[in-house]
Amino acid sequence: MDTIRLEDVKNYVGQEVRIGAWLRNKRGSGKLQFLQLRDGTAFMQAVVVKAEVGDEIFAKAKELKQETSMYLVGTIKEDARSDFGYEMDVKDLVVVGASEDYPITPKEHGTDFLMDRRHLYLRHIQPFAVLRIRNTMIAATYEFFNKEGFIKVDAPFLTGSAPEGTTELFSTEYFDTEAYLSQTGQLYAEAGAMAFGKVFTFGPTFRAEKSKTRRHLTEFWMIEPEMAWMDQDASLEIQERYIAYLINSVLERNSYELDLLGRDKELLASYTKLPYPRVSYDDAIKLLQENDFDVEWGVDFGSPEETFLANHFASPVFITNFPKKIKAFYMKRHPTRDDVVISADLLAPEGYGEIIGGSERDTDYDYLAQRIEEQGLDMDEYAWYLDLRKYGSVPHSGFGLGLERAVTWITGEEHIREAIPFPRTMTRLRP
């Protein structure tokens, strides 16, 4: 008899099948045992009836401990009372791997406790649902950019300089030279765009920020498209279509996981309505001031300001044309103002903040050389980047999306997660 997965039992209603599963929890009485099972694809209940299986198998079921692995043979039937919709009437049970004193018991646990046992916590409902949704978003990312005519290029993880001029980098020794874990693949993607037109990088990035906020990680995965022959307005259209594609993909493929997390699917679907509002930084400052925020022109937005702005529009919202002094050196100057750059941050509602940052890139060699010098960067380390402006430069734009923050928003979870295989957990923790 073939072993089937829980996600496929819907195709075997009324049939006798075998499944391989772990015991998540159980309850019972003198004549019944209700086994809560998981196999990495879903969670399902199996019912063991003493009168149907006999004393030996029933005693075996009664003695099962949490996270014991087993084969179960039984008949699949529909169960409208459960979120999953199906259950098994067990006929036989064979223990494969015993489990004793499993530490993550069916009760509330604190963050530190679960993080010390994250290699086991991956088995539980919350990370199960979040990481399956994350997997869908990764697959959807490749689908979207392939359909849009992009090709993937890979940026190095080790670099000899800070691409965005920050000092918040992890350093290491690369033979006899100091190197850094990369904070972005963008500059390399610009080189790729000059070769292929439309490219994207997708890989881990690192920030040595000593931050414990819900929005910051030391390691996360970043999607960074770069597009030749494209201005900022066209880039914003791609960005919002990409976000809508991610959300629709999750709604179509992960309804079960969203239900496990208690995510409001109607609210999530509302975020696919395009276009997203576009609000200038100037107007955003005025709106904040009118609503009693103590902010002055020229400051970057913090969490309270971003939360207010996105919730004000009840939608993801683009804030455009930020002050030059708070943005990276490569962003294109505004055609009529020297104090702002052609840039945009996409803010997510519900308090999740910036999920995309992007801009049109400046193409003037002398201006970029001046900006590099003003920021105290080593001109020799950026010589190759300036070369892109010497040999057939064209208008081009790009953006970056942090995968973990986008996952946090789409799943409706409270805190950002660290990259797999061992994600940071949320404040709301449940096994």
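Between domain 1 and domain 2, three residue pairs are in polar contact, both residues of each pair being at pLDDT 80 or more; a polar contact is here a pair of N or O atoms within 3.5 Å, where within protein one atom must be able to donate a hydrogen and the other to accept it, and where residues adjacent in sequence count only if both atoms are side-chain atoms. The model is a predicted one, in which local features need pLDDT of at least 70 and side-chain atom pairs count only at pLDDT 80 or more, whereas totals for chains, interfaces and linings use all residues. Residues are numbered from 1 along each chain as its sequence is written, and side-chain values use heavy atoms, with hydrogens and water left out.

The two domains, whose bounds come from an automatic or database domain assignment, are domain 1 (1–95) and domain 2 (116–416) of the protein chain. Their C-alpha centres lie 45 Å apart, and ten residues of domain 1 are in contact with seven residues of domain 2, contact meaning heavy atoms within 4.5 Å. The area buried between domain 1 and domain 2, that is, the accessible area (1.4 Å probe) that two parts lose on being put together, summed over both, is about 820 Å², and carbon and sulfur atoms give 56% of that area. Of the area that domain 1 buries against domain 2, 48% is supplied by Arg24, Arg38 and Phe43, which is more than any other three residues supply. The interface of domain 1 and domain 2 is also crossed by two salt bridges, a salt bridge being a side-chain nitrogen of Lys or Arg within 4 Å of a carboxyl oxygen of Asp or Glu.

Salt bridges number 24 in the structure. In the one formed by Glu67 with Arg123, the closest N and O atoms are 2.8 Å apart. The side chains of Arg132 and Glu7 form another, at 3.6 Å from N to O. Because Arg132 belongs to helix α4 (residues 125–147) and Glu7 to the loop between β1 (3–4) and β2, this pair ties together parts that are 125 residues apart in sequence; helices (H or I, at least four residues) and strands (E, at least two) are DSSP runs, numbered from the N terminus. Arg132 counts as partly exposed, with 26% relative accessibility, and Glu7 is likewise partly exposed, at 31%, on a scale where buried means under 20% relative accessible area, exposed over 50%, and partly exposed in between (1.4 Å probe, protein chains only). A salt bridge of 3.1 Å, N to O, joins the side chains of Arg337 and Asp339, of which Arg337 is partly exposed at 28% relative accessibility and Asp339 partly exposed at 34%. Through salt bridges that share partners, Arg5, Glu7, Arg132 and Glu257 are joined into one network. Lys265 and Asp259 also meet through their side chains in a salt bridge, at 3.0 Å from N to O, where Lys265 is partly exposed with a relative accessible area of 26% and Asp259 is partly exposed with 43%.

With regard to strand pairing, two strands pair if DSSP finds at least two bridges between them. Strand β2 (residues 16–28) runs antiparallel to strand β5 (residues 69–78), to which seven bridges join it, and Ala21 has Met70 in β5 as its bridge partner. Strand β5 is in turn joined by ten bridges to strand β6 (residues 86–97), again antiparallel, with Leu93 in β6 as the bridge partner of Leu72.

Three strands in the order β8-β10-β9 make up an open sheet with antiparallel pairing. Because β8 (158–159) and β9 (171–174) stand at the edges with a single partner strand each, one side of each is left without a neighbour in the sheet. Two bridges join β8 to the antiparallel strand β10 (residues 177–181), where Leu181 is the bridge partner of Leu158. Three bridges join β13 to strand β14 (residues 317–320), the two running parallel, and Ser280 has Thr320 in β14 as its bridge partner.

Finally, Glu413 is found in the segment after α13 (403–411). At 0% relative accessibility Glu413 counts as buried, and its side chain is joined to that of Gln126 by a polar contact of 2.2 Å.
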